[in-house]
Amino acid sequence: MNKKFVAIACLAVAVAISPSCKKDFLNESDPNAITVDASYKTPNDVLLAVNGIYQSLRSGNNVGESSDLWTDQRSDDTGTQDNQSNAGEPFQFGNFSILPSNTYLKNHWVSLYGTVTRANVVLSHIDAVPFPDNSVKLQYIAEAKFLRAFTYFELVRLWGDVPLVTKQLSYAELPAATFREKQAVVYQQIVADLTDVINNSPLPNLQASTGRASKAAANFLLGQVYLTMATTQDQANRTTNLTNAKTYLMNAYNMRTFGTLNSIPYTDVFDVAKKQHVRS
């Protein structure tokens, strides 16, 4: 019996001092998981991530198709016909009786902040990626900032004071990020992002491929932001905001590649053979 005890004791000591037993088996990393850092190695990785920001906009919970609950359905333009299968939540938008428990509203909030998060992740990691052509890097930065500004413009108009996050957050930073920032501060960030896109990016005035950010789009959006600020922010700056709005909206208008509508013969508008000419 004593021999068995001694053998077991020796085995326990051997296991305890074995180098292989010094590993922490409770903190294993998933070999199939790809960390965010590992996802940003090449310019193409960044391009795919930027495309992912655009993709998030397509959701009906965001600003994509069927997102009219937060726009047209709050007017007399349209409405929802429903058999109450979802407890009538869509009707709360048209009736201006939205409850805090409304799941559609929650999904809209979550989706918009998902877009902000995707943009922040790109901007937080892009400097670690080597770019043979620095103008490509600046283009991706500009697109991410444009989309972040666009999304915050949606958020601040719907909710007023909202949490303002401009970088990828660690878990330890998440609690502090839930505090709402004053509208004026959010608008400052929107203006800063769009101004940087307009003044410091290689984006073309108009994109050859549709659906991506351009300087014309940035000027138009910034003009709209200043118009909104003129009516919702400090009225002492109303004149300045209106002047800025006119400046950026005219910048966007002057980037057009088409003439005025009155230069097109009225009958040509309905001529199918000239459809492409009229559109161009």
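This is a predicted model: local features need pLDDT of at least 70, side-chain atom pairs count only at pLDDT 80 or more; totals for chains, interfaces and linings use all residues.
The side chain of K182 meets that of D161 in a salt bridge, with a distance of 3.9 Å from N to O. Both residues belong to the loop between α6 and α7 (183-200), and so their pairing ties together parts that lie 21 residues apart in sequence. D161, for its part, is partly exposed, its relative accessible area being 22%.

**Close-up of the salt bridge between E154 and R157.** Here the two side chains meet at 2.8 Å, taken from N to O, and both residues lie in helix α6, which covers residues 134-159. They are 3 residues apart, which is about one turn of the helix. E154 is buried, with a relative accessible area of 17%, because the buried class takes in values under 20%, whereas R157 counts as partly exposed at 37% relative accessibility.

**Close-up of the salt bridge between K167 and E173.** The closest N and O atoms of this pair are 2.8 Å apart. K167 counts as partly exposed at 43% relative accessibility, and E173 is also partly exposed, with a relative accessible area of 28%. In the model as a whole, the count of salt bridges comes to 7, among them the one that K167 forms with E173.

**Close-up of the largest pocket.** This pocket has a volume of about 410 Å³. It is lined by 16 residues, of which T117, V165, L169, L174 and A177 are the closest to its centre. When the lining is sorted by class, it holds 10 nonpolar residues, 5 polar residues and 1 charged residue.

**Close-up of a nonpolar patch on the surface.** Three residues, Y266, V269 and F270, form this patch, and together they have about 390 Å² of accessible area. F270 is found in the loop that runs between α9 (238-254) and α10 (275-279).

Notes. Residues are numbered from 1 along each chain as its sequence is written. Side-chain values use heavy atoms; hydrogens and water are left out. Patches are made of residues with over 30% relative accessible area and no salt bridge: like charges are joined within 9 Å, nonpolar side chains (Val, Leu, Ile, Met, Phe, Trp, Tyr) within 5 Å. Accessible areas come from the Shrake-Rupley method with a 1.4 Å probe; for residues, only the protein chains shown count as cover. A salt bridge is a side-chain nitrogen of Lys or Arg within 4 Å of a carboxyl oxygen of Asp or Glu. Helices (H or I, at least four residues) and strands (E, at least two) are DSSP runs, numbered from the N terminus. On a 1 Å grid over the protein atoms alone, a cavity is a set of points where a 1.4 Å probe fits but cannot get out, and a pocket is an open set with protein on both sides within 12 Å along at least five of seven lines; lining residues have an atom within 4 Å of a point. Grid points are joined across faces, edges and corners, and a volume is the space filled by probe spheres set on the points. Ala, Val, Leu, Ile, Met, Phe, Trp, Tyr, Cys and Pro count as nonpolar, Asp, Glu, Lys and Arg as charged, and the others, Gly among them, as polar. Buried means under 20% relative accessible area, exposed over 50%, partly exposed in between (1.4 Å probe, protein chains only).
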